Every structure is written in structure tokens, then in C-alpha cells.
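Subject: Structure handover

Hello,

Here is the structure we discussed. My notes follow below it.

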Amino acid sequence: MFKNLQKKIDKSLNILKGNNKITEINIANSLKEISKALIDADVNYKIAKNFIKKVKEKSVGRQVITSLNPRQLIIKIVYDELVLLMGGKNKEINISKTKNPSIILICGLQGSGKTTFSAKLALFLKKKNYYPLLVAADIYRPAAVDQLKILVEKIDIPVFSKKTSDVLDILDQSILYASKKKRNVIIIDTAGRLSIDKVMMNEIKNIYKHSNPDETLFVVDSMTGQDAINTAECFSNVLNFNGIVMTKLDGDSRGGAAITMSSLIGKPIKFISNGERIEDIEVFHPDRIANRILGMGDVVSLVEKVQEQFDEKRTKNIYNKISKDRFNFEDLLEQFKQVRKIGSIKNIVSMIPGMEKFFGILNDKEDSFKEIETIILSMTPYERKNPKILNDISRRKRISIGSGVSLNHIDSFLKKFYSMNKIMKRINTSSRQDLIKDFLSKMMQR
Ligand SMILES: Nc1nc2c(ncn2[C@@H]2O[C@H](COP(=O)(O)OP(=O)(O)OP(=O)(O)O)[C@@H](O)[C@H]2O)c(=O)[nH]1
Ligand SMILES: [Mg+2]
């Protein structure tokens, strides 16, 4: 799924490798390729164009946090836009907590995968400790009942069926059956229908009204590409379904429909069905799919963490402290903690080229991190807030004994801290983040 798209996007982003600033020129080619990749994946041209426009707006001129490179930042921006395009947050299936049984209605075109999905959903819900009952409400295809029974025979989920031409009667009977068998969720598998077939569309409307479902899912075959979107649109004009199920995403589907469906129809994709086995069902999480499409989950989470660390407010605060000579040991400790949050130091360095500058010629600085931390933790709170009082040798001696760090090391740490503070105060830099990073990196050097 999405393999081709992923390959192409990866290639387009690699154009940015080696650049250390985002400019309109250096991302233009990259964005052109991303747009092509989306269109090749069957994303509608207008959507692809709009997508690129948004990515461009968010990236050009944006200052790259120096520990990130433009490629990483663009990956994050593309990722965010993809998540938004796919509907943002995952929307869960509605199952009533009060109504017993809760009713789920499955509808869609012929052959879209309704019956297979109904069985998959039953297993999915069983694993979530529900007691589902499948209802065969396809009165036109006698084999449909057997198909359901075969699908679920190994997983011990009952199927309700009845030979009748009255589909509403099946619904009524199934509810009675469910309460007798202590089943708390009913999944109604309906016959396939075309949106232009008035009789059949009327039937589904009646089923909908009569069963008053807590959740109505529209099943659509992703292999039909743009047509999938058109059918969903037609159905949504007739039936107010809550969510979409995209099936056959394991096949030759290029994925475009799955990417654009929810923004075009205005309803969330709730599940994807990606295989013929009954276990092949997945809750649709836009963020996870975006990760899959980009194939760079580690970069995305890294950028998120780095952005969080260098959030503007905190940076401003530290900057103010440094420039007013009020940066103290507690602040330093806090900065170390923030850096640590990003992950192990070695990992950071291997993942972000810019970080190396941050830590200087950093190989194994974990030790000096620890040593500084130990020194600071051996100070009294008052000392941490007032670095200058450590001029007093007796205090330094006490800290040395408490921390087990030699007086020499403590003195050299303090010397650096005082002089860095002085220098930083005077430096006129355009980037506050650079200033703070330089500060920390100098502190790490011995
Ligand atoms: N590869 C693949 N095949 C699927 C998937 N879902 C369904 N199929 C296959 O698609 C065909 C049609 O699936 P059904 O579940 O019978 O579709 P339906 O919508 O119930 O069909 P009708 O009831 O005739 O309208 C079957 O051969 C399924 O095995 C899927 O996610 N991946
Ligand atoms: Mg069927």
C-alpha cells in the first residue's frame, strides 16, 4: 500500500539534501516532484495543487531551527499537511453504550467488500470484548448467507439469517435473536446497490430508518480510484452515513482515493481493509498513514521533539535571562533536561547533521553532561540561583565533596560558565536559538 507514492515522495525530498536553507528556488523542484507523485497516485489535480501551495506557504522563508535541515523540516510540513488532508484525527466507530444491541449498518456498491468487511469488523469488535451478531440482510443473493457463515465459522461469531423477501422483518427478528443470545452489537450486511438504482436506494433508506443505526459505514473499493469518490458522494446525498471503509488497499490501488476521500466527502475514513484474510482490517489513523506514505516516522517525531524543545516562548525566556546576566545553574540544568528529552545524545547526532555543531566536536559528551549535572545538584537552591556566590572557596569545596567531582573540574566548569555568560550577553546574534545552542555546546567542551 502506498509503496509507489512513498518511493516518489522520498525521491522528491532527497532533492533538498545538502541544502541548509529553505528558499523558493531549492524547494520548487522538490515540490513539483511531490505534486507529480500525488497525481500519479490518483490524487485529484486540484487537491494536489492546493496541497503543494500549502506546503510552500508554510515552508518558504521559514527559519530552519539550526539543528534541523530543510529536508527534515519539509518532511514534517508535508506530513502535517497529509494528516490534515486525510481528516486530521482518527474518528472512532460509534457504538452505543446504552442501547442494547447497538446497531451498525454496512452499505455500498456491489462487490465493494461489504460482506468481507462485516466479518472483519465482527472479529475486530470481538477482540474489543463486544459480542457481535452478524445479520445477513442481502435477500437477493442466496449465497450471501453462506459467504458470511464461511467467513466467520472459525471465529465463533453467530450469523442471523432468514428466508424471506422482507428485509425489515430480518432486522426485527435479528434484534430479538440478539437479546436471546446476549449479543450486544449487530452488524447488518446489506446487498450491494448502485446509486442510480432508485428501488435499491429506497430499500437502504428504509433499512436505515427502520434500524436506526448507531453507525452507518459506507464501504468503497479503493481500486476504483476517482470513481470511489464519485460513488461516495452520490451515496452521501441519499444516506447520511457516518464513516467510510476503504477496501482492497492491498491490491493495485494507488491510494489517492484513500488520501483525498475524507476531505472531498466531508466524512471520515474509519477503517481500511487490506487483504482477504479476516484479520486484515485496520483502524484508519491519518497520522499513521501519513507516516507510512512518507516512510520517515523517525524524522517526523524527531522534528516534533526538537520543535517542542526550541519552542519560541521558552527560547525567549532563556535569551532574556542570558542577556540580563540572570542565567543561572537551574536554567542550565533545565536546558540539559530539554536536550536529553530529544533522546540519547548519540542518536541525536547521528540523525541530525546540524546537531553536531550544537554539541561541538561531540562524541561522548554524555559524561560531561552527567558531571555538570552532578555538580549543580550538589549546590544549594540558593547557590543554583546565584552563581556568583560560588566565588567563595568553602562553598566550592563543599560541592566537590558532595558531588565527588574534583575541585579542579568544578573550577573549570564555573570559569567557563561565568565567561560564557559574559560573552553571550554581548553577542549580537540574529538567532536566539543559535545563541543558546552555542552556549550549551561551549559548556560541554573541556
Ligand atoms: N484483496 C482484497 N480483496 C478483498 C478485500 N475485501 C474484499 N475482497 C474481495 O472482494 C470480493 C468481493 O467482496 P465481498 O465482501 O463479497 O463484497 P460485497 O460488497 O459484499 O459484494 P456484494 O454483496 O456482491 O455486493 C471478494 O472476492 C473478496 O474476497 C480486500 O480488502 N482485499
Ligand atoms: Mg455481500
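In which sense do β1 and strand β5 pair, and over how many bridges? They pair in the parallel sense, over five bridges. β5 covers residues 215-221. One contact to look up: Ile104 has Glu215 in β5 as its bridge partner. Please keep in mind that this is a predicted model.

β1 also pairs with β4. The two strands run parallel and are joined by five bridges. Here Ile103 stands opposite Ile186 of β4.

Is β1 buried or exposed? Seven of the seven residues in this strand, 102-108, are buried, so the rest of the structure largely encloses β1. Buried here means under 20% relative accessible area. In a regular strand, side chains alternate between the two faces of the sheet. In β1, Ser102, Ile104, Ile106 and Gly108 point one way. Ile103, Leu105 and Cys107 point the other way. Both sets are buried.

Next, the second largest pocket. Its volume is about 290 Å³. The lining of this pocket comes to 17 residues. Nearest the centre lie Gly111, Lys114, Asp138, Arg141 and Gly192. By class, the lining has three nonpolar, nine polar and five charged residues.

Which elements supply at least two residues each to that lining? They are α5 (114-127) and β4 (185-190). α5 gives the most, with three residues.

Best wishes

How values were computed:
Residues are numbered from 1 along each chain as its sequence is written. Chains are lettered from A and ligands numbered from 1 in the order in which they are written. This is a predicted model: local features need pLDDT of at least 70, side-chain atom pairs count only at pLDDT 80 or more; totals for chains, interfaces and linings use all residues. Side-chain values use heavy atoms; hydrogens and water are left out. On a 1 Å grid over the protein atoms alone, a cavity is a set of points where a 1.4 Å probe fits but cannot get out, and a pocket is an open set with protein on both sides within 12 Å along at least five of seven lines; lining residues have an atom within 4 Å of a point. Grid points are joined across faces, edges and corners, and a volume is the space filled by probe spheres set on the points. Helices (H or I, at least four residues) and strands (E, at least two) are DSSP runs, numbered from the N terminus. Ala, Val, Leu, Ile, Met, Phe, Trp, Tyr, Cys and Pro count as nonpolar, Asp, Glu, Lys and Arg as charged, and the others, Gly among them, as polar. Buried means under 20% relative accessible area, exposed over 50%, partly exposed in between (1.4 Å probe, protein chains only). Two strands pair if DSSP finds at least two bridges between them.
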